[in-house]
Amino acid sequence: MMKINKGLATPISLIAAGLLAMSAFVMQGGGQLQAAEAKSSNHRSFLRISSLDARKGPKFVKIGLGKSMVLELPTPVRDVLVSNPKLMDAVVHTSNRIYLIGLKIGQANAFFFDRNGKQILTLEVSVEQDMAPVMKLLKRLIPGSNIRLESVNNNVVMTGSVRTPADSNRASDIVGRFIAKDGAEKEGATRVVNMLAVEAREQVMLKVQVVEMNREIIKQLGVNLSAVAKAGNTTFSLLSNTPFSALGKDVIAGGFLPDGAYSANGLGVRSTSGNLQTSSILKAMERNGMTRTLAEPNLTAISGETAKFHVGGEFPIPVATDNNTISVEWKKFGVLVNFTPVVLSEGRISLQIKSEVSEISQEGAIQIGGITLPAIAVRNAESTVEMPSGGSLMMAGLISEKTRQAVNGLPGLKNLPVLGTLFRSRDYVKQETELVILVSPYIVKPVSNRKLVTPDVGYAEASDGKANLLGHFNRVYGRRGRLPRGRQHGDYGFIVE
């Protein structure tokens, strides 16, 4: 019992009272301050068990990894049993005070017995990573965020909300660096589960331009000779049919018909004199071709989500099965664009994009069982780029030039200065390709339908009289004519040449 005299308190007595109050504060387990910290981190550093609490059943507690907890029991303890000493260690300091130390992430339980072998308490302990320091760090580094972290075994679940997708990615990166290394990581377990809600989800529209110029030059020159002579029952023949191996086929496919006429462009001569019949075919052709490919797909996706775009078609490929039947698989061709945008800070956009332009080609086609399977000419590019909204970047470019030449003929005769032309064929193939892929991302927002324009604005069908007499596909209108319904500003309408 403490007796306090009334009257004026001296400084020494005030100091003694303060020290007495502080000691009482410490003896009570830290008071409100420790309770607040324990509530924020969910990891208790001091636990006092009363007789009533011990009779209620098992107690569930959490201990931070590498941290300890002081446990006070109402009665003296003689034996302590820990289910997994590798996860948690129990050190008996006094008869009713035990230190519990978290060694490894996981779950364990501890049993406490008195001198008579009676069970005093059962503790269900979960050793987890202490997320309180990380939560404080996130609150300081990511202003305006409300992030909560929950540790489950070797995984951390992130809940709450952030302002931008960049803050969500930044929070995942920060939390991932504070996760304890454990054996579960080698097994491929998920380390961080991001369930953060983004308050402002930006939408990104990607404009892709694929421009390709393909030029081809083919020159072929060859002479085919045929001479047949009969002497009694013996027939002598001379054949010189030179192929065009550089291209793999003749640009001119022709020959003599039964009536003696030539069936293709070129020069053919046939003569018959007694038992001697000769024919010669001159094949000469030059081909210049140019192919222009332009594709401008536009597609929109939410930041962090993947968008896919495909314009083209599919062609069937027969595939044999185990039951001696043939099934069909479909192969896509055309323009394919896949991209995943992530809006970063200050309006910058990170793009993971894959673009592909393909078309059916007979070059490389194969025949199986009388069925011709075409090949696909593919030009694709896959990369990750970063740029501001509205900026453009040449993601890929290609300049390709192929030149092939071949000379076929009779050995020795094809090398003669002038006459050798009659015994040889020459073909020349040159292919030039220029390909450019441009990407332009834009941060967009939904607008009113009145501000959007569809491709059929300003289109009106022509009347039957103008369609039959003048061959018009659409109605032609101008200042004097009656304008169709719609919003016309500046140059508009269709031009038919």
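1. Which residue takes a positive phi near 60° in the hairpin of strand 18 and strand 19? In this predicted model, residues are numbered from 1 along each chain as its sequence is written. Local features need pLDDT of at least 70 and side-chain atom pairs count only at pLDDT 80 or more, while totals for chains, interfaces and linings use all residues; side-chain values use heavy atoms, without hydrogens and water.

2. The residue is Asn324, and the hairpin has 5 residues between its strands. Strand 18 (residues 307-320) and strand 19 (residues 326-343) pair in the antiparallel sense over 14 bridges; to pair, two strands need at least two bridges found by DSSP. Ile317 stands opposite Glu329 in strand 19.

3. The protein has 7 helices and 23 strands. Both are DSSP runs numbered from the N terminus: helices are H or I with at least four residues, strands are E with at least two.

4. Of the 497 residues, 30% count as buried (under 20% relative accessible area, 1.4 Å probe, protein chains only). Contacts (heavy atoms within 4.5 Å) with a separation of 6 or more come to 61% from residues 24 or more positions apart.

5. Ser145 lies in the loop between helix 4 (132-141) and strand 9 (146-152). Ser145 counts as buried because its relative accessible area is 17%. Its side chain reaches the backbone oxygen of Ile142 at 2.7 Å. With neighbours within four places in sequence left aside, Ser145 is in contact with Leu138, Ser161 and Val162.

Conventions: Buried means under 20% relative accessible area, exposed over 50%, partly exposed in between (1.4 Å probe, protein chains only). A polar contact is a pair of N or O atoms within 3.5 Å; within protein, one must be able to donate a hydrogen and the other to accept it, and residues adjacent in sequence count only if both atoms are side-chain atoms.
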